[in-house]
Amino acid sequence: RAAEEARDEAIRLNPASAESWAGRGTVRMNWGAYVQGTGADPAPYFEKAEADFAAALERNPRHLDARKDRAILYSNRGVHVLRQGGDPAADFARAVAEYDAALEIDPADPELWCLRAGVRHNAGNFVQSSGGAPAEHYRAADADYAKALELNPELASAWHARGRLRMHEAMWLEDRKEDPTAAYRASIAAILTRRSLCSRAF
C-alpha cells in the first residue's frame, strides 16, 4: 500500500507525468498478480492498473515500460480467464499488440521478443486444448524466440521456453498422427543448450 500511496502523491504533484502513472500501474498490476497467485480474483487490481497505463500512454505513447507492463497485464489476465474456464484469446491478442508497439520502440531488446513469444505460445496451447490447430501461433512464437536468441544467444530463459514450445508442438503432431521426431529433437537440443548455459554460470 505504501508504494501505491507514494505514486498517488507523485501523480497529485505532477499529473502530466507519464512515469508516475506508469509506476502506479505497475504497482497495481504486481499486486494483482500476487492476488492471482493466491487464487483470489485479481480483476479489480488489473482494471485499475489498465487505467493507469492508459493514462501514461495518453501522455507519452512511446513510454516503453507502460507498453511492456500493459502487455504483461493482458497476458496475466488471459491466464486468469483461462483458469476460470473462459476464453483468453482477446487478452492474448491485446498482449501481442502491446508487445508489437513496444518492439517498435525498442526492437533490440531480446526480453521483449521472448515475452511476445510466450504469449503466442500460450495462445497456441489454448487453441490446441480447444481442439483447434495451433501451428500458426507456434510458428510465430518460434520466430520470436529465434529473434531473441539472435540478439542474445546466451539468454537461457529463451532456450528453455523454446524447448517447451517445441515439446508442445511435438505432442500436437503426435495427436494428429504426424511425425514428431524433428520437434522432439529441437526441444531436447534447446533444453540442453539452456542447461549448458546455466551450468556455466556457476
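The exercises below concern salt bridges in a predicted model. Local features need pLDDT of at least 70 and side-chain atom pairs count only at pLDDT 80 or more, while totals for chains, interfaces and linings use all residues. Residues are numbered from 1 along each chain as its sequence is written, and side-chain values use heavy atoms, with hydrogens and water left out.

**Exercise 1.** State how many salt bridges a search of the whole structure finds.

Solution. A salt bridge is a side-chain nitrogen of Lys or Arg within 4 Å of a carboxyl oxygen of Asp or Glu. The search of the whole structure gives 19.

**Exercise 2.** Describe the salt bridge of Asp-8 with Arg-24.

Solution.
1. The closest N and O atoms are 2.8 Å apart.
2. Asp-8 lies in helix H1 (residues 2-13) and Arg-24 in helix H2 (residues 18-37), so the bridge ties together parts 16 residues apart in sequence. Helices here are DSSP runs (H or I, at least four residues), numbered from the N terminus.
3. Asp-8 is partly exposed at 24% relative accessible area, whereas Arg-24 is buried at 12%. Buried means under 20%, exposed over 50%, partly exposed in between (1.4 Å probe, protein chains only).

**Exercise 3.** Identify the network of salt bridges that includes Arg-24.

Solution.
1. Arg-24 also forms a salt bridge with Asp-52, with the closest N and O atoms 2.9 Å apart.
2. Asp-52 is in helix H3 (residues 43-59) and Arg-24 in helix H2, 28 residues apart.
3. Both Asp-52 and Arg-24 are buried.
4. The network links Glu-4, Asp-8, Arg-24, Arg-28 and Asp-52.

Notes: Helices (H or I, at least four residues) and strands (E, at least two) are DSSP runs, numbered from the N terminus.
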